[in-house]
Amino acid sequence: MKHQWTLFSQHALVCLSIAVLALSQAAGSAPALADGDLPDAGKSQDTQKLASELKNFQDKASKHNSFRADFEQLVFSALRKKTTKSKGQLFFAQPKKFRWEIATPGKELYVNNGEWFWKYVENTKHAMRMPANAGELDFLDVVFHLDKLPEKFSLKKLNTWPDEDAQQEKQCPAKHTCFALEPIQKGGQKSIALAVNQNTGFVSRLRIEFKNGNKTNITFNSFSPEKVASDLFEFSPPPGTAVDKR
């Protein structure tokens with residue numbers, strides 16, 4: 001299960017919006033939280049300020065009940081010393097329904113209808129299903145619930161953004177706020193960076209660095225706040241598909 005979920009987080013997000021995927025989740029300069037459940041009085045002023053900033057972004061993004069966006073994803077494998085580029089579309093509907101569809105170079109589909117989460121890889125004819133509330137899907141809060149980030153991450157505001165092609169840092173994109181997130185509970189993720197659109201409250205860039213050296217960079221564009229057909233969040237495995245149910 002952990003291996004399969006690692007594949008999801010590297011090849012699709014979040015989250016997915018995934019990453020917002022498009023829903024903006026961010027943070028600002030603050031020390032690590034000792035306890036995510038501490039009341040506000042037990043948090044530093046910097047942390048409270050960042051939490052308030054994230055909530056404002058969340059409020060902006062939550063005004064849209066559904067949307068679609070295009071994405072481009074770069075996945076670096078430390079083992080193979082190779083970067084793979086993929087492109088596709090994200091569809092989202094409140095509260096956590098989404099369809100993350102990779103179109104090139106190979107077709108992969110990740111669908112959450114609120115009850116079940118599905119992963120389907122066309123060329124292997126393999127599908128995996130798990131409950132939509134499975135603990136492994138907590139990663140999606142990085143995209144869909146910015147206001148929850150102070151409970152799970154130490155937060156820091158960034159003035160720069162990594163330029164993977166040039167192997168250097170560059171300024172945070174114009175009209176964006178950039179944040180660094182470090183998980184409080186240590187796992188496979190080393191750090192996460194988010195660039196949040198200040199006008200819409202949506203995440204437009206997401207960068208995940210793993211402890212094994214792997215990196216995932218996702219850029220969202222062509223955001224369109226439109227009504228999304230409900231059947232896009234349903235999935236039935238094609239005939240001949242091997243299904244792994246959890």
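How many residues lie between β2 and β3 in their hairpin? There are 3 residues between these two strands. The views below start from the whole chain and then turn to such details.

**Figure 1. The whole chain is a predicted model.** Local features need pLDDT of at least 70, side-chain atom pairs count only at pLDDT 80 or more, and totals for chains, interfaces and linings use all residues. Residues are numbered from 1 along each chain as its sequence is written, and side-chain values use heavy atoms, without hydrogens and water. The protein chain holds 4 helices and 14 strands. Helices (H or I, at least four residues) and strands (E, at least two) are DSSP runs, numbered from the N terminus. Of its 246 residues, 48% count as buried. Buried means under 20% relative accessible area, exposed over 50%, and partly exposed in between (1.4 Å probe, protein chains only). The accessible surface comes to about 12200 Å² (Shrake-Rupley method, 1.4 Å probe). Carbon and sulfur atoms account for 48% of that surface.

**Figure 2. Strand β2 pairs with β1 and with β3.** Two strands pair if DSSP finds at least two bridges between them. Strand β1 (residues 66-77) and β2 are antiparallel, with 12 bridges. Phe76 stands opposite Thr83 in β2. The β1-β2 hairpin has 4 residues between its strands, and there Lys81 takes a positive phi near 55 degrees. On β3 (residues 97-104), β2 has 7 bridges, again antiparallel. Lys87 has Thr104 in β3 as its bridge partner.

**Figure 3. Ser86 sits in strand β2 (residues 82-93).** Is Ser86 buried or exposed? Ser86 counts as buried because its relative accessibility is 7%. Leaving out residues up to four places away in sequence, Ser86 touches Phe71, Glu72, Gln73, Ile102, Thr104 and Pro105.

**Figure 4. The largest nonpolar core has 31 residues.** Such a core is a set of buried Ala, Val, Leu, Ile, Met, Phe, Trp, Tyr and Cys residues joined through side-chain atoms within 4.5 Å. Trp100, Leu181 and Leu194 touch the most other members. Apart from this core lies another, of 6 residues, among them Leu109, Trp118, Tyr120 and Ala127. In soluble globular proteins, nonpolar side chains tend to be buried together.

**Figure 5. The structure holds 10 aromatic pairs.** Rings of Phe, Tyr and Trp (its six-membered ring) pair if their centres lie within 6.5 Å; planes under 30 degrees apart count as stacked, over 60 as edge-to-face and the rest as tilted. Phe57 and Phe179 pair edge-to-face, at 6.3 Å centre to centre and 80 degrees between the planes. Phe57 belongs to helix α2 (residues 45-61) and Phe179 to strand β10 (residues 176-183), 122 residues apart. Phe57 is buried at 7%, and Phe179 is buried at 0%. Trp100 and Phe220 are also edge-to-face, at 6.0 Å centre to centre and 75 degrees between the planes. Trp100 lies in β3 and Phe220 in β13 (residues 215-224), so this pair ties together parts 120 residues apart in sequence. Both Trp100 and Phe220 are buried.

**Figure 6. Four phenylalanines, Phe67, Phe92, Phe202 and Phe223, form one aromatic cluster.**

Definitions and conventions
Contact means heavy atoms within 4.5 Å.
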